[in-house]
Amino acid sequence: MQLFLATPGAIKHLVDWEAVGLLDRCLQPTSDHRISSVAVRFLGDCVAAADGAPIWATLCSEHQRALRWVAENADSPHALVRFSCLYFLRQAACTRGVGRIMGPVDSRMLVLRRLLDASYFVVAEACRLLSTMCYRRQRIQTEWFAMVQKMGARAYNAQSSAHKEAVLAATATFYAHEQKNVREQAAEVLPLDKLGPYLFDCDRLVRDHALDVLEAAVRTAASVDCVMQVLGLLRRQGHECADRPVRVAVKLRSLAVLVRAAPQGNSACGGIAALAMTVLQHIHGGQEEPSDEPSELPEALLEIKHEVLAHSNRRLVSGEAARIAREHCRHTLDRNMLGQLEHLLAQPSVIGSPQLLHTVLEAIVNALHLSCSQTDVDALQMLPDLAANFAIRAPGLKMLLGLALEILDHRRLSTTFVASLTQALATRMVDVEWEPRDTVLEFASGAVDRLGWGRAKAVVEPLVEDVVSALGDPEEYVRAAAVQVLVRVVSSADAATRSRVAGHPGLTRVRLGQLLGDSEAFVKRAAFDLVAALALAAEQQREKSREWLHCLAHRQLYLVCDDPDFEVRLRCTRLLAQLTRWLHFGVMADADRLAVKELQVDALLLDMCNDSSRYVRLACLESLRDMQGRRAKASEEQGVEHPEKRRTNDTDTFCEKLGSVDFGRLERSLSTEHLYQEAVDRQVDRQLMTEADDVNAGNNILECY
């Protein structure tokens with residue numbers, strides 16, 4: 001629907017087709033509510049279109065059933081129907097208004113009811129409608145703010161969890177508005193001093209919504225006074241919360257929100273980060289006593305610090321403190337803190353907690369990002385050491401190597417850094433876990449793709465030995481990743497490196513044959529890509545090794561042509577086309593010609609024209625047409641042959657077969673309409689051809705082709 005409405009003249013076509021009248025039939029009382037919901041949402045999109053005035057005029061005059069349906073079903077027992085009604089009202093409110101559908105009082109009461117809805121999706125759509133209605137005609141609609149403010153004015157103890165979530169969701173909607181004056185008005189709906197009880201509520205969802213509002217409020221205020229106000233709020237609130245772990249966790253998460261949302265350079269945020277590092281060092285750094293607090297540390301922070309250090313759940317406290325450090329390192333580069341975080345990574349208690357280890361590592365990566373942007377090259381030297389740390393698992397290693405790739409792309413670094421990084425990569429290639437090995441290989445492929453071989457050579461070339469060894473790795477993902485690295489090296493490397501790879505003792509015909517016959521389809525796909533890359537290098541006379549050619553056999557290719565994975569057959573077809581083109585229209589040595597002829601690649605390629613996959617047939621069509629063009633060009637250059645001349649060579653025989661190919665039929669077999677008839681002719685299961693209401697049943701015949 002969205003694609004259709006994006007086409008020029010879509011609304012005019014709908015008017016000409018009288019589409020509104022047709023959609024009216026989907027809104028009968030006996031209609032399925034799912035179909036009616038789709039119809040109403042489509043009408044809403046039409047009304048909200050730039051040229052949707054004719055559709056709106058039709059809805060208000062000739063076909064008013066849609067407007068009545070929305071008004072009557074706004075409180076439907078079906079969540080999908082309630083959602084669709086709100087969607088239509090929001091789309092209409094963007095340009096036309098909702099007064100024609102419901103009165104102003106009814107619309108406010110409807111939004112109020114939907115904010116208390118049991119469905120998360122309905123509540124989210126009600127918030128979007130509220131965001132649209134609160135600012136219209138270039139001015140603030142104060143009645144909507146008054147409605148939410150009245151909801152929040154209700155006694156806190158008398159509010160249900162749904163009521164609290166509705167107040168917080170509506171307030172967050174105001175804070176997220178694109179208009180600055182709306183965001184400023186949101187501070188009056190639910191002031192910070194009234195947010196405290198919500199932060200320490202017994203319901204986790206209420207606490208999460210309150211933290212979102214707190215972050216939005218701090219971002220909007222963007223002042224030091226706001227930060228101090230929040231610290232005072234945390235100092236006063238929470239004592240009535242019976243669950244002490246919840247109280248401590250909320251205070252630490254609120255501090256993390258302050259560090260993330262407050263203006264950069266705020267001294268209080270620096271004190272919060274120092275508090276977090278003190279807690280981490282006290283728990284994991286072996287410090288018997290916490291370090292002395294700076295004299296300028298706010299008194300509220302000192303109280304929170306003592307409460308946190310006295311808490312018995314060290315895992316909870318450590319995790320929240322690490323999150324504070326992570327947020328602080330996003331915008332502030334502190335070399336002292338960076339050293340402390342690196343020291344924490346070596347502590348057994350941190351290594352034994354994977355989640356804490358990952359959070360600390362995220363903080364270090366954030367700091368190194370700043371080091372890169374602020375030209376602090378010395379701090380980047382720790383990256384290779386971190387990458388070589390076996391305690392850091394695949395997700396953390398992926399973060400580090402992603403940063404390394406970004407650094408290599410934007411900066412010129414010393415040979416010492418590159419050598420250290422290469423050594424770290426080689427170290428992780430012998431990791432006992434397969435994920436780090438796979439991550440290193442993916443980094444090598446990404447480096448060649450992003451940097452080009454000229455800049456990636458210093459990092460990737462020393463890994464060639466490890467990459468070739470990984471072809472025999474017991475993990476299939478590692479084998480496939482290793483093959484992909486070799487494909488990129490053969491395709492883009494210089495002649496010396498390419499010869500080294502193609503003639504490597506580990507890249508034998510036996511190894512290549514094992515990869516082509518691998519039990520996993522994605523490994524076979526990568527293997528055919530590698531053989532095709534080696535064949536292209538040989539065809540262009542850039543490579544002398546023929547191990548790739550001797551690993552192929554006619555029986556093997558014949559069996560692959562019936563492989564159940566169509567992508568394997570597609571890559572095999574492309575290789576057959578490549579070899580056929582080289583055999584009949586290229587320059588080939590006699591030994592190579594004899595070996596390729598034994599494979600019977602031209603006959604197999606012609607057989608693949610009848611493959612069940614349209615992608616394979618398309619590859620056949622494109623390659624055969626290219627050969628047909630080469631044949632015509634060669635005939636023009638050599639002159640017209642005498643009819644009585646006897647065709648004896650293999651190329652002429654293939655050209656005769658090529659001339660008998662029905663290209664028209666092959667091209668027609670690629671059209672969507674032809675596929676349905678082909679499915680019927682092949683007696684495909686009737687269930688696949690059945691039109692059903694269930695999107696998972698029927699209507700999916702194209703997926704089979």
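Predicted model: local features only at pLDDT ≥ 70, side-chain atom pairs only at ≥ 80, totals over all residues.
Biologist: Why is the contact between Arg114 and Asp75 called a salt bridge?

Modeller: The cut-off is a side-chain nitrogen of Lys or Arg within 4 Å of a carboxyl oxygen of Asp or Glu. For Arg114 and Asp75, the closest N and O atoms are 2.6 Å apart, so the pair passes. It links distant parts of the chain: Arg114 sits in helix 8, Asp75 in the loop between helix 6 and helix 7, and they are 39 residues apart.

Biologist: And what makes Arg114 buried or exposed?

Modeller: Buried means under 20% relative accessible area. Arg114 has 8%, so it is buried. Asp75 comes out at 44%, which falls between 20% and the 50% needed for exposed, so Asp75 is called partly exposed.

Biologist: How do you know that Glu547 and Arg509 form a salt bridge?

Modeller: Their closest N and O atoms are 3.3 Å apart, and the limit is 4 Å, so the label holds. Glu547 lies in helix 32 and Arg509 in helix 30, so this pair ties together parts that are 38 residues apart in sequence. Glu547 has 25% relative accessibility and counts as partly exposed; Arg509, with 39%, is also partly exposed.

Biologist: Which side chains meet in a salt bridge at 2.9 Å, N to O?

Modeller: Those of Asp592 and Arg546. Asp592 is in helix 35, while Arg546 is in the loop between helix 31 and helix 32, 46 residues away. Asp592 and Arg546 are both buried. A search of the whole structure turns up 39 salt bridges.

Biologist: What makes Glu215, Arg219, Arg260, Arg326, Glu327, Arg330 and Glu362 one network?

Modeller: Salt bridges that share partners join them. Take Arg326, which lies in helix 19. With a relative accessible area of 16%, it is under the 20% line, so Arg326 is buried. Leaving aside neighbours within four places in sequence, Arg326 is in contact with Thr359, Glu362, Ala363 and Asn366.

Biologist: Why do the buried residues of helix 18 count as lining one face?

Modeller: The buried residues are Ala300, Leu301, Ile304, Lys305, Glu307 and Val308. Seen down the axis of helix 18, they fall within an arc of 165°, so they line one face. In general, an α-helix has 3.6 residues a turn, so residues three or four places apart point the same way. The buried residues of helix 18 pack against helix 15, helix 16, helix 17 and helix 19.

Biologist: How do you know that Thr171 is buried?

Modeller: Its relative accessible area is 0%, and the cut-off is under 20%, so Thr171 is buried. Thr171 is in helix 11. Not counting residues up to four places away in sequence, it touches Val148, Ala186, Val189, Leu190 and Val213.

Biologist: What makes the approach of Thr171 to Val167 a polar contact?

Modeller: A polar atom of the Thr171 side chain lies 2.7 Å from the backbone oxygen of Val167. The limit is 3.5 Å, so the pair is inside it.

Biologist: Why is the pair of Phe145 and Phe174 called stacked?

Modeller: The ring centres are 4.3 Å apart, with 25° between the planes. Phe145 lies in helix 10 and Phe174 in helix 11, so the pair ties together parts 29 residues apart in sequence. Both Phe145 and Phe174 are buried. The structure holds eight aromatic pairs, and ring pairs link Trp434, Tyr477 and Phe522 into a cluster.

Terms used
Residues numbered from 1 in each chain as written. Heavy atoms only, no water. Helix = DSSP H or I, 4+ residues; strand = E, 2+ residues; numbered from the N terminus. Buried < 20%, exposed > 50% of the residue type's maximum accessible area, 1.4 Å probe, protein only. Arc of directions from axis to C-beta. Contact = heavy atoms within 4.5 Å. Polar contact = N/O pair within 3.5 Å; in protein donor to acceptor, adjacent residues only side chain to side chain. Phe/Tyr/Trp six-rings, centres within 6.5 Å; stacked < 30°, edge-to-face > 60°.
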